[in-house]
Amino acid sequence: MCAQADGVVLGVNGDPAASPALRFAVREAQRRSLPLTLVRSWQVSPLYEAALLMTRGELERAAVQTLQAATDAVAKLAPELRTVSRLAQGRTDDVLIEASRRATLLVLGRRGGRSPWLGPVIAHVSAGAHCPVIVVPDEAPVPSHQAPLNEVVVGVDGSEVSSRAVAFALEQASQWGSTLIAVLAVEPSLGGYLPDTQVLAAIRECGQRLLSEALAGYRENYPDVVVHENVSLDAPHVALRHFALDAALLVLGTHGRNALTRVFLGSVSSSLLRDAPCPVAVIPRTQL
């Protein structure tokens, strides 16, 4: 994967000093020998002006302070890391999607634990970005630069989209020294009736063949990565969340950046971005 000019980009929000997303972005920039670009957006809302809650100048100063706090936090964690701070006026999702054009990787934080709602910024950016997006939940533990990492899990369905996810997951596992867990979920759909043993065996055999074919041609490029293949008869989001319980990263594909996917992600991606216990990487179909 070619490095882009801005390297690893972090969307700055909340309390950056305590952010697992910030620590994750720092670690990735270090591992990839790339610069880290901190991006903070701000926008004037008529509601602020009308209610006199915050003036335009106060909004901008608050954004500057948050960006400076993130810059200071990075300097303490990794003083040798080349860091760029960028303040932009506009909608947060639009600013981050534009920033993704020059990025190798875009990192976002997910606040609030297992929320029933996927925040609009995360949803829009994950669906519309021009580079891989990694969403890091606030509760996710982030190892240090030197620490070994747990497994990388990738969802596989045999499509072109999941092929890109497989390639990214193998690259990450190789960089991190991790095992790759490849999961293909084939939920039997027989009107609520449990298939008999022979049917289940046939489903598993077909799924195993599809999974092996999806991995062929990629795993040979990473002989250092141990790959475990798993065929599950659970629903995809259930199976992937199960395998992600102790993972360092869950990798998913998405289907592009047309008008629909910029608003809606697939149900599996949306569900896992809401409540996966580990960081989730969303890989776009194309990277322009």
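In this predicted model, Asp-6 sits in the segment that precedes strand β1 (8-11). With a relative accessibility of 5%, Asp-6 counts as buried, because the cut-off for burial is under 20%. Its side chain makes a polar contact of 2.8 Å with the side chain of Arg-86. Beyond the residues within four places in sequence, Asp-6 is in contact with Pro-35, Thr-37, Arg-86 and Arg-102.

**The sheet**

Ten strands make up an open sheet with mixed pairing, in the order β3-β2-β1-β4-β5-β10-β9-β6-β7-β8. The edges are held by β3 (83-89) and β8 (227-232); each has a single partner strand, so one side of each lacks a neighbour in the sheet. On average, neighbouring strands of this sheet are turned by 25 degrees against each other, direction ignored.

Strand β9 (residues 249-253) pairs in the parallel sense with β6 (residues 152-155) over three bridges, and in the parallel sense with β10 over four bridges. Four of the five residues of β9 are buried, so this strand is largely enclosed by the rest of the structure.

| Residue in β9 | Opposite residue |
|---|---|
| Leu-250 | Val-153 |

Not counting residues up to four places away in sequence, Val-183 touches Val-153, Val-154, Gly-155, Val-156, Asn-230, Ala-239, Leu-240 and Phe-243. Val-183 and Gln-208 are separated by 25 residues in sequence and by 9.8 Å in space, C-alpha to C-alpha. Helix α7 (residues 197-215) lies across β7 (180-185) and β8, and runs at about 145 degrees to β8.

In soluble globular proteins, nonpolar side chains tend to be buried together. Here the largest nonpolar core has 47 residues, and those with the most contacts inside it are Leu-10, Leu-36, Val-107, Val-154, Leu-180 and Val-251. Helix α6 (residues 160-176) gives the largest share of this core, seven residues. Apart from this core lies another, of 30 residues, including Leu-108, Val-133, Val-135 and Ala-247.

Leu-10 touches Ala-21, Leu-22, Ala-25, Leu-36, Thr-37, Leu-38, Val-39 and Val-107, leaving out residues up to four places away in sequence.

**Helix packing**

The axes of helices α1 (residues 20-32) and α6 come within 11 Å and cross at roughly 80 degrees. That angle makes α1 roughly perpendicular to α6. On the α1 side the contact is made by Phe-24, Arg-27, Glu-28, Arg-31 and Arg-32; on the α6 side it is made by Phe-168, Gln-172, Gln-175 and Trp-176.

In helix α9 (residues 267-275), the buried residues are Ser-269, Ser-270, Ser-271, Leu-272, Leu-273 and Asp-275. The elements that cover them include the strands β4 (105-110), β5 (133-137), β9 and β10 (280-283), together with the helices α5 (120-128) and α8 (236-243).

How values were computed. Residues numbered from 1 in each chain as written. Predicted model: local features only at pLDDT ≥ 70, side-chain atom pairs only at ≥ 80, totals over all residues. Heavy atoms only, no water. Helix = DSSP H or I, 4+ residues; strand = E, 2+ residues; numbered from the N terminus. Buried < 20%, exposed > 50% of the residue type's maximum accessible area, 1.4 Å probe, protein only. Polar contact = N/O pair within 3.5 Å; in protein donor to acceptor, adjacent residues only side chain to side chain. Contact = heavy atoms within 4.5 Å. Pairing = 2+ DSSP bridges. Axes fitted to C-alpha atoms, helices over the stretch in contact; angles between N-to-C directions. Core = buried A, V, L, I, M, F, W, Y, C linked by side-chain atoms within 4.5 Å. Parallel < 35°, antiparallel > 145°, perpendicular 65-115°, else oblique.
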